[in-house]
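Subject: Structure handover

Hello,

Here is the structure I said I would pass on. Please load it before reading the notes below it.

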Amino acid sequence: MSKIYQVYGNDAHQMTLSLLEASEAFRLITPGISVALKPNLVVVGTAEDGATTHTGVVSGAIEYFRAHGVSDISIIEGSWVGANTMSAMRRAGYDKVCEKYDVPFYDLKTDAIRSVKTPIGKIDVCARALDAGLLVDLPVLKGHCQTAMTCALKNLKGCLPDREKRRFHTLGLMKPIAALAAALKPQLTIVDSICGDLNFEEGGTPVDTNRMYLGTDPVQIDAYGASLMGLSLSQVEYIGLAEQYGAGSTAFDESDLVNLNEPSDAKSYPKPSGTVARLTKHVKQDMACSACFANLVRALYATNYSNDVDICIGQGWQGKSFDGLGIGKCCKGARRCVMGCPPTAGQIANALEDIAWVGL
């Protein structure tokens with residue numbers, strides 16, 4: 001199975017460099033290769049809203065590949081139907097990145113189109129994505145109102161003309177997303193999970209995870225992302241379908257994860273507000289790492305948890321006893337604890353569902 005490299009922190013640029021260096025991504029480079037970076041600029045907004053890829057992810061990738069001799073680097077994207085790609089790139093700050101590094105940005109809404117064969121028939125794909133020597137997928141891990149989550153596989157939908165994007169919706173999204181994955185395979189995926197939205201692809205309810213991760217199998221990347229969000233593969237149908245269509249493997253375990261640092265290297269979670277505050281009303285936080293707290297938030301949302309059992313989380317609970325549910329190894333003194341550093345949202349969700357049925 002492929003390795004997944006993971007890093008915690010707040011600096012998207014440096015985190016990207018760390019992931020690329022640790023994974024020895026230079027091995028994917030061949031003489032004269034072209035590199036196309038495909039971020040998520042689905043709407044006109046900022047990365048802090050939880051919908052778009054941080055500029056630091058792009059600048060870090062540019063610096064890394066430039067340092068390894070690649071001169072032909074471009075950024076490619078086509079925002080969703082109804083949004084202006086160039087407005088989105090400027091609002092997100094990509095114009096400044098392009099100017100600083102002298103890298104072109106191509107709006108795929110104006111690109112040439114070619115039809116490719118897929119397991120469900122032909123799909124029209126933008127030529128720049130197909131012709132890239134090295135296609136690097138730079139998605140945001142976030143919720144989605146129709147597909148539960150969006151990450152590596154669904155981000156490739158931005159490589160389609162608008163008319164094909166519309167057709168994907170008429171086909172129900174799941175099968176065409178999976179089929180596209182079998183035909184358009186990025187060789188490298190770097191996931192921006194710094195503050196992806198809780199449940200909506202347009203952003204508005206960002207959850208600070210302060211995590212990024214990298215891999216070479218986009219299906220595995222999405223399967224891991226689903227676990228981080230507290231979702232089963234059955235809830236995100238296109239991931240399993242992509243595996244059936246030969247796009248990659250959903251398999252991963254702890255031995256496949258390479259952690260470059262610890263969750264505590266990122267900032268503590270800020271004071272919750274809005275939807276997050278409502279979800280965490282029974283949570284007693286004391287110096288909680290953002291990655292651990294974000295996994296708890298996503299588990300609470302995924303399970304629609306409504307029990308009044310207190311939940312403790314954070315380094316401040318180390319060495320203390322607590323008559324409730326503890327999240328992470330810092331809270332092992334709780335009556336019941338979900339161990340891990342951090343535990344995934346899926347693991348937390350399982351404990352929350354047990355409590356809902358049988359109590360502590």
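This is a predicted model: local features need pLDDT of at least 70, side-chain atom pairs count only at pLDDT 80 or more; totals for chains, interfaces and linings use all residues.

Residues are numbered from 1 along each chain as its sequence is written, and side-chain values use heavy atoms, with hydrogens and water left out.

Sheet

Helices (H or I, at least four residues) and strands (E, at least two) are DSSP runs, numbered from the N terminus. Two strands count as paired if DSSP finds at least two bridges between them. Eight strands form an open sheet with mixed pairing, in the order S4-S3-S2-S7-S10-S11-S1-S12. Strand S4 (105-107) and strand S12 (257-259) are at the edges with a single partner strand each, so one side of each has no neighbour in the sheet. From one strand to the next the twist averages 20 degrees. S4 runs parallel to strand S3 (residues 72-77), and three bridges join them; Ile 76 has Tyr 106 in S4 as its bridge partner.

Helix H2 (residues 55-67) lies across S2, S3, S7, S10 and S11, and runs at about 170 degrees to S2. Axes here are lines fitted to C-alpha atoms, for helices over the stretch in contact, and angles run from 0 to 180 degrees between N-to-C directions.

Helices H8 and H10

Buried means under 20% relative accessible area, exposed over 50%, and partly exposed in between (1.4 Å probe, protein chains only). Helix H8 (residues 174-183) has seven of its 10 residues buried, so it is largely enclosed by the rest of the structure. Among the elements covering these buried residues are H6, H7 and H10. In H10, the buried residues include Tyr 238, Ile 239 and Leu 241, with H8 and H9 among the elements that cover them. Just after H10, Gly 246 has a positive phi of about 90 degrees.

Cores

A nonpolar core is a set of buried Ala, Val, Leu, Ile, Met, Phe, Trp, Tyr and Cys residues joined through side-chain atoms within 4.5 Å. The largest has 45 residues, of which Met 149, Tyr 213 and Tyr 238 touch the most other members. S6, H6, H8, H9 and H10 each give two or more residues to this core. Leaving aside neighbours within four places in sequence, Tyr 238 has contacts (heavy atoms within 4.5 Å) that include Met 149, Met 174, Ile 177 and Asp 222. A second, separate core of 39 residues includes Tyr 5, Ile 29, Phe 65 and Phe 105.

Regards
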